[in-house]
Amino acid sequence: MTATTQPIPARETRTDAPSRLSGLFSQEVVLALIIVGLSVVVGALNPRFLEPNNLRDILSNSSYIAVAAIGMTMVIITGNIDISVGSMIGLLSTVAGTIAVGAEAGGYPLWVSWVVPVIIGGLIGALVGFLVAYLNIPAIVVSLGMMSILKGGLILWTGGAWIYNLPVDFMIAQRSLLGIPTPVYFMVVLTILAALWMRYTPAGRAIYAVGGNKEAARLSGISRRAVLMQVFIINGVMVGIASVLFGTQFNAIQSTVPPGLELFIITASVVGGVSILGGIGTVVGSTLGAILIHVIPSAMTFANISAYWRQAVQGLLILVTVLIDLLRRRRQAQARRI
Amino acid sequence: MELASEKPREARRLVDFPLVRGLLSQEGVLFVIIVLAVAVLASQNERFLTTRNVMREATLAFEVAIIAMPMTFIIITGGIDLSVGSTFGLAAIVLGFLWQDAGWSLEAAIGACLVTGLLCGLVNGLFIVRVGVPPLITTLATLALYRGMALGVSEARSARGFPEWFLEVGRGGPTLEWGTASASPTAQLLIVVGAALLFGALLYFLARNRQRALGSGSIEVLPAENGAGTSRLITGILAGALIAWAAVSLFTSETGEARSQLVPWQILIMIVIISITGIALSRTSFGRGLYAIGNNETAARFAGVPVGRYKLIIYTLSGLVSALAAWVFVSRVTTTRSDMGSGIELDAIAAVVLGGTSIMGGSGTILGTVLGLILIQVLKSGLLLAGVKGDATIIMIGVVLILSILVNNFIQSRLRPR
């Protein structure tokens, strides 16, 4: 109980001698160890788990979650949350599909169907950011309302009809380059760019400042409103990209909101070590988190565990990783006090 | 605020009158919107304001309504419970599984269903209070965990074929046979409106006298106390309307012939739970403690509020009520499925927030949540009767949710004392 009332210092492990060792076991390292360990154990039980095909599937399937989780991580670091992302992915992938189907008849190039959802995502993000930053409505309320609006709008628009006969060239998520599926490139490149941006640029550091200590951020001349706008727009763009990856993975688009998708994305961030209280977390962690929540079900399938228990294990996993993170931070805080 | 201070001092602004001030509270605004919406919908469709339709809508709102009560407690303390829908599903599955597959008696299975909900809530509470995991994360994890357990236990099988007595809770209720006096619809309406206003005024003046006895309304009090008079007024109007409406629909009919009217158990259970939680929140030290926790947890702890125990109680209560809702729901739909109740957490949270409870904690009332629930159900029902597709009505709810907070923020910033 006492630890929660103590302000938890952000990652400053480099200069801190006592915590250098625990810095080695950051949440990212823990996650990577769990992923590797799990793969080794399941691979020993059933060698087919480690076949390139399966690994490719796991990485490819976790890509769109990981990309969306990059935006979510930034939003949560500022101390906010966005639960409308699942509905956004449902809507924007349908937008992408609709534009793609009309491309030939409309006489415009196919890439329009990839770009428009990303732009719309950015606009929705800007609207949410405006409501949160300038009109001071809590993000959870704005995104709850936005979720209803987008979900209802999608049903009203499509009536739940599936989109078939999508052009073959539309399916970027099904393509591969050098034997690696394209979504994986998106995941890796966007994660690295976001990580570098957040770590080394003033604008990136400002995100942590706003989430970590509002007053200190204000005194150092950071505009909280501008940072929030920026973060929500980036989140919208990331969700737009994720929607294209999501919508192009199968030959049909269901035109519905995948149930629980927003919680899946938040879970990836949280498992990746992002503190829901703001100020702490990295996108490398959230990407590893997204991969981990896809490794588990696959591992369970190969270890012959009933698929029905999949979600229960996932729930347990969140609790365990969050507990590890919490205990580690508590020990760090103690080490610092001594 | 700045604008107001530039003006020369006035003797008394319009908003300084307690009645005006109260009407501009979230509850007041909601109440006015509801009255307008009901009036419009009733004039558009004669089936809207019938006893049968009102009872049906109340029955449909039952699950979300009772889950929203402990949710109000939790959000007032600055927490949140995302796992209620999954608890709902797990409790329903436990009921069906133990009865159909494990061979338990149905009574024991119902007991186990409620105990399951209690334990789910207790586990949430223990993680939040003892381990110190933030409520959002704890309940996000248990949302997946409990739903996963429901899936794992049920393996996508469903239980059906419940005996007749079990279906009574969800479909039956006491049947009342009265209604010999004759009254025209206009007379009925007048009686209801008159009684509502009378009752409201009575409670309002009682509250004001009490406040005067305490020594003017200017004492610094907890946020809940602000505009206590109005919330009393609205409670009075609502209660008066309910009682008068019940009496009118029971004792009178247009023809003067006796009729029988089934009152669903859901409505009775709902009234009991709303009354108990409402009184607990506004009249007990437990309720005061919840506001104190939401305003400043550390200060509450130093002031001797048993923070840990209170939190444990509200999360456990939330689990228990979710299981109760599951039991009644299973009885109504006569089957169990592992995906039952998914998304119900967001409906409940929407009602609570719409009712003016701050998501940051520290303020909110049960009355507000009830008004939020009524508005959502009125909109759903009204739009459905107007021919709008069912799923599209949720757009309206989203818009109303954001707008109501916007309007309230705007009004409150104007109302702040100079």
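Guide: Let's start with Arg56(B), which is partly exposed, with a relative accessible area of 45% (buried means under 20% relative accessible area, exposed over 50%, partly exposed in between, with a 1.4 Å probe and protein chains only). This is a predicted model, where local features need pLDDT of at least 70, side-chain atom pairs count only at pLDDT 80 or more, and totals for chains, interfaces and linings use all residues. Residues are numbered from 1 along each chain as its sequence is written, chains are lettered from A and ligands numbered from 1 in the order in which they are written, and side-chain values use heavy atoms, with hydrogens and water left out.

Visitor: What does Arg56(B) meet in a salt bridge?
Guide: Its partner is Glu57(B), at 3.2 Å from N to O. A salt bridge here is a side-chain nitrogen of Lys or Arg within 4 Å of a carboxyl oxygen of Asp or Glu. Glu57(B) counts as buried, at 11% relative accessibility.

Visitor: How many salt bridges over all chains?
Guide: The count comes to 5. One of them joins Asp339(B) and Arg337(B), at 2.7 Å from N to O. Asp339(B) is partly exposed at 38%, and Arg337(B) is partly exposed too, at 47%. There's also a network, where salt bridges with shared partners join Glu297(B), Arg301(B) and Lys311(B).

Visitor: Is Lys311(B) buried or partly exposed?
Guide: Buried, at 10% relative accessibility. Glu297(B) counts as partly exposed, at 22%.

Visitor: Where do Phe73(B) and Phe286(B) lie?
Guide: Phe73(B) is in helix α5 (residues 62-76) and Phe286(B) in helix α13 (residues 285-295) of chain B, so the pair ties together parts 213 residues apart in sequence. Helices (H or I, at least four residues) and strands (E, at least two) are DSSP runs, numbered from the N terminus. Both Phe73(B) and Phe286(B) are buried.

Visitor: And chain A, what's its secondary structure?
Guide: Chain A has 14 helices and 2 strands. Of its 338 residues, 54% count as buried.
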